[in-house]
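Subject: Handover of a structure and notes on it

Dear colleague,

Please find below the structure that I am passing on to you. My notes follow it.

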Amino acid sequence: MSSEVELVPVVVDGTDITDVRFPESPQEMSATLREMQPVDAHALIVGGGTRTAFGNLGGSFDLAISTRKLNRILQYEPDNMTMAVEPGCTIEQIREALAANRQSIALDAAHDSRSTIGGAYATGMSGPRRLGGGSLKDWVIGVEVMGPDGVNAKAGGMVVKNVTGFDMMHLHYGALGAFGVVTRLNLKVFPAPTASRSIQLVYTTPEHAHAAAVALITSQLLPASIVVANTPEGWQTSVRCDAPEEAIELLVQRMNAVAADAAEPISANVSDDGSDALSAFRDTADLAAGDIVVRLPIRASHQPAALPRLADTGWRVCADVGSGLVYARRPSSDALDEGGIEAFSTATWLALPRHLKTDRDVFGPTPDAVQPILRRLKDSFDPERRLNRGRFALGL
Amino acid sequence: MATQDRAELLQALAAVVGEAWVVSDPAGLSVYQYDASDEAIAGIHQPVAAVLPATAEEVRDVVRVALAHGLPVVPRGAGTGLAGGAIACRGGVMIVMTRMTRILEVHEVDRYAIVEPGLINLDLSTAIAHRGYFFAPDPASQRACSIGGNVANNSGGPHCLKYGVTSNHILGLEVVLPDGSLTWVGGSSAETPGFDLTGALVGSEGTLGVVTKAMVRLTRTPEEVAVLLASFPTMESASRAVTAIIADGILPASLEMMDALTITAVEAAFHCGYPLDAAAVLLVELDGLRETVAEHREAVARLCRQHDAQQVRSATTKAEQDLLWLGRKAAFGTLGRLAPNYYLQDTVVPRTKLPTALEFVGQLSRDFDIQIANVFHAGDGNLHPLMLFDRYRAGEIQRVLEAGDALLAHCIDAGGSVSGEHGIGMEKKDALSLVFTTDDLAAMAGLKRSFDPRELFNPDKVFPTAFSCGELSNLKQQALEVDGMYVV
């Protein structure tokens with residue numbers, strides 16, 4: 001194991017947790033969880049440690065349980081396009097295994113070599129390629145989750161179409177481990193594109209950059225992802241194209257033409273590395289850098305008005321145009337300037353310094369009618385609040 | 001229910017929706033004893049009243065009336081469900097969504113629409129076709145089924161091979177929760193904070209909430225569509241062609257298979273041009289960029305020929321594509337030419353297990369002396385064997401049900417599951433114990449009870465509760481004793 005795997009101590013909201021356990025099997029995970037009960041211990045569940053900034057200010061934690069050594073690929077059936085993994089598998093590990101069979105999942109993260117699939121699932125964060133390839137929550141076809149009593153419960157299965165029983169896969173997606181520790185994820189996987197390109201177009205105004213993005217999104221050219229970001233060079237529209245090798249150059253030409261019809265860029269660059277189109281997202285949505293990061297639900301048609309206002313108030317922004325989400329990042333500070341932008345009222349604060357989390361629900365507002373359901377879920381799955389205490393929505 | 005209580009209930013319901021939209025007479029209610037499930041389940045249970053609200057607020061107030069009377073609430077869309085999900089098995093108030101059919105908003109740039117739950121699936125795609133968008137989930141019943149029903153059952157359809165099932169296309173829902181509150185969950189963005197409440201509601205068959213509006217994802221109409229028909233000498237060769245196509249890195253929009261029995265029935269009805277000498281045909285739709293479709297069309301044809309295809313034909317016109325699809329989408333109905341009744345099983349296996357699963361279906365046909373037609377979503381491994389029978393021949397239905405159970409057990413042993421897309425409802429809830437342990441089911445019960453502590457929303461559905469397998473079997477037996485008005 002590399003030193004990154006060790007991840008000791010775990011730091012959450014400025015506090016060190018020095019007692020870190022690394023169970024290497026579901027049985028060890030179960031034993032670890034069961035040991036907590038007699039001593040009334042409370043645990044933080046952590047994956048690769050790249051997104052521990054996300055979550056409400058919790059109570060104190062006696063220990064951290066890392067999933068990083070629970071990192072086996074349990075089952076991979078390329079002809080069925082399914083893969084079962086343990087939560088500590090990194091996104092890079094999964095990507096490399098799939099690439100051997102020309103398959104992939106369109107999951108983007110700031111730190112692929114450290115970010116775990118379990119962490120991506122628990123924090124509910126996919127990336128801009130959800131436009132063309134869907135979101136992680138769409139690909140999880142089965143799940144096993146262990147409660148604080150050390151008992152595993154499964155749902156779904158290893159088939160790509162399945163309506164058997166309640167959809168626990170969605171219940172745990174984005175729940176930050178509030179209802180249990182994921183011990184297995186069954187994934188639907190996809191054929192990998194044989195060729196990818198990144199088109200990066202620079203504009204002087206966000207309106208023009210966004211107009212190009214909208215022209216592409218409403219075209220029939222099927223961009224894999226489109227983001228608009230403010231960069232030192234100007235407002236940049238980054239497009240990822242996936243296509244068969246024989247078609248890729250023609251597709252790039254057609255996309256460039258559609259974008260230029262909408263707004264002529266001041267510069268255009270094409271690279272044969274599809275991941276270049278995602279660099280603005282990876283930079284902006286990096287939760288491990290100590291900056292403030294927020295995710296704003298702003299649908300595409302409202303983004304042109306919001307982007308310049310965000311930029312004017314000092315935010316580095318990356319609009320995931322296809323998903324109606326805007327990621328914004330700025331250096332940590334004593335206070336926040338929300339610039340009067342309405343979307344902040346429903347924002348998800350992905351990374352905040354400790355003092356700015358006080359009296360704030362980083363998940364944003366939960367509808368009144370939903371609050372008792374969330375509380376009953378926590379009461380049902382983790383009645384003694386042993387797992388990630390206080391870090392979920394409503395301080396659950 | 002006591003006469004006075006019933007009178008008070010009906011009066012309160014009428015005060016919400018108007019007297020004309022409360023059905024309470026036995027003859028009127030007999031319609032609502034049925035959905036499209038087999039009469040082994042349907043036709044037995046009657047709600048106290050069926051109510052047809054026109055707005056979300058009326059749905060909320062109807063729910064509140066029912067809750068105040070301690071009665072179950074059973075939502076119903078178009079009544080096309082195949083597993084008895086819309087049967088009022090504990091009586092109560094049925095909320096019928098057929099008046100709530102409006103498309104309220106369409107946002108092309110943001111790629112979503114807001115619709116009412118009673119809207120017919122195909123009507124949405126038809127209404128937005130001129131804008132260049134469609135709603136991707138397309139169950140075979142899409143001319144009749146409702147969007148609300150699709151949400152309740154997490155419906156699939158031929159095109160979910162590429163586009164995913166209903167849950168992949170629902171961004172948000174307005175729901176009446178089991179405490180009588182009306183709220184939105186989810187929203188127009190792809191991710192919402194906290195757990196995915198929208199995703200948990202989709203497929204819950206009305207047991208967690210009653211949908212009053214759905215925010216649905218719109219999909220851009222593809223630039224190019226190709227439809228190929230390939231005929232094969234055996235089901236096995238067709239199955240192996242399916243695996244080869246997927247293994248080659250091609251993800252068709254749909255990949256459907258029909259067997260000789262189905263071909264015979266379909267050709268007699270519609271003259272779609274399916275070859276009558278084939279043991280199986282594959283209907284393959286490819287869509288996307290014109291360059292990609294052209295390349296994949298050649299590759300699919302090559303792969304089919306490599307797996308002994310007798311003929312591979314590509315439809316050259318839209319009319320020809322539509323005709324090929326007509327045969328597939330109307331196949332179930334044409335089987336009425338072969339037998340007075342059929343029992344449709346919906347089960348799923350890993351795609352590579354299709355050859356052995358189909359071989360097992362053939363064995364069942366011989367062992368139980370039942371004609372079985374196969375028309376199904378081969379690309380997903382989602383089997384739909386239709387067991388043909390005559391309800392009035394002694395012992396036939398029993399053989400059919402036993403064969404269905406044997407197939408289910410085989411598919412589960414092969415790594416499959418209980419239902420691919422038709423839902424659990426009443427029909428299959430006891431089969432959940434074949435795939436889930438008590439611990440698994442207890443976790444699901446935790447979800448259910450967190451939403452619905454009184455267990456009044458579509459009770460006795462989805463997972464085993466009061467019914468044991470024996471009781472379900474008795475239920476099926478009762479249906480056989482009912483007089484001759486029931487025909488599938």
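Two residues are said to be in contact if their C-beta atoms, placed from the backbone, lie within 7 Å. This is a predicted model, in which local features need pLDDT of at least 70 and side-chain atom pairs count only at pLDDT 80 or more, while totals for chains, interfaces and linings use all residues. Residues are numbered from 1 along each chain as its sequence is written, and chains are lettered from A and ligands numbered from 1 in the order in which they are written.

**A:Leu171 and the two chains**

Apart from residues up to four places away in sequence, A:Leu171 touches A:Phe179, B:Phe195, B:Ala200 and B:Leu447. A:Leu171 belongs to helix 7 of chain A; helices (H or I, at least four residues) and strands (E, at least two) are DSSP runs, numbered from the N terminus. A residue is called buried if 20 or more other C-beta atoms lie within 10 Å of its own, exposed if 12 or fewer, and partly exposed in between, with C-beta atoms placed from the backbone. A:Leu171 is buried, since 26 other C-beta atoms lie within 10 Å. A:Gln236 is 65 residues from A:Leu171 along the chain, and their C-alpha atoms are 36 Å apart.

Between the chains, 70 residues of chain A are in contact with 78 residues of chain B. At least two residues each on the side of chain A that touches chain B come from helix 6 (136-139), strand 10 (152-156), helix 7 (168-172), strand 12 (190-191), helix 9 (245-262) and helix 13 (371-381) of chain A. Helix 13 of chain A gives the most, with five residues. By class, this side of chain A has 35 nonpolar, 23 polar and 12 charged residues. Here Ala, Val, Leu, Ile, Met, Phe, Trp, Tyr, Cys and Pro count as nonpolar, Asp, Glu, Lys and Arg as charged, and the others, Gly among them, as polar.

**The sheet in chain A**

Eight strands of chain A form an open sheet with antiparallel pairing, in the order 16-13-15-14-18-19-17-20. Two strands pair if DSSP finds at least two bridges between them. Strand 16 (267-271) and strand 20 (348-351) of chain A are at the edges with a single partner strand each, so one side of each has no neighbour in the sheet. On average, neighbouring strands of this sheet are turned by 20 degrees against each other, direction ignored. Strand 17 (residues 292-297) of chain A pairs with strand 20 of chain A in the antiparallel sense over three bridges. A:Val294 stands opposite A:Trp349, which is in strand 20 of chain A.

**Two helix pairs**

Axes are lines fitted to C-alpha atoms, for helices over the stretch in contact, and angles run from 0 to 180 degrees between N-to-C directions. Angles under 35 degrees count as roughly parallel, over 145 as roughly antiparallel, 65 to 115 as roughly perpendicular and the rest as oblique.

In chain A, helix 8 and helix 11 (residues 303-312) pack at an angle of about 140 degrees, with their axes 9 Å apart. Helix 8 of chain A is therefore oblique to helix 11 of chain A. A:Pro206, A:Glu207 and A:His210 of helix 8 of chain A meet A:Gln303, A:Pro304, A:Leu307 and A:Pro308 of helix 11 of chain A. This contact comprises four nonpolar, two polar and one charged residues.

In chain B, the axes of helix 13 (residues 354-368) and helix 14 (residues 396-413) come within 10 Å and cross at roughly 155 degrees. These two helices of chain B are therefore roughly antiparallel to each other. Helix 13 of chain B contributes B:Ala357, B:Phe360, B:Val361, B:Leu364 and B:Phe368 to the contact, and helix 14 of chain B contributes B:Arg399, B:Glu402, B:Ala403, B:Ala406, B:Leu407, B:His410 and B:Cys411. Nine of the residues in this contact are nonpolar, one is polar and two are charged.

**Loop residues**

A:Leu222 has a positive phi of about 55 degrees although it is not a glycine. A:Leu222 lies in the loop between helix 8 (206-217) and strand 14 (225-231) of chain A and counts as buried, with 21 C-beta neighbours inside 10 Å.

B:His271, also not a glycine, has a positive phi near 50 degrees. B:His271 is in the loop between helix 9 (260-270) and strand 14 (280-288) of chain B and counts as exposed, with 11 C-beta neighbours inside 10 Å.

With kind regards
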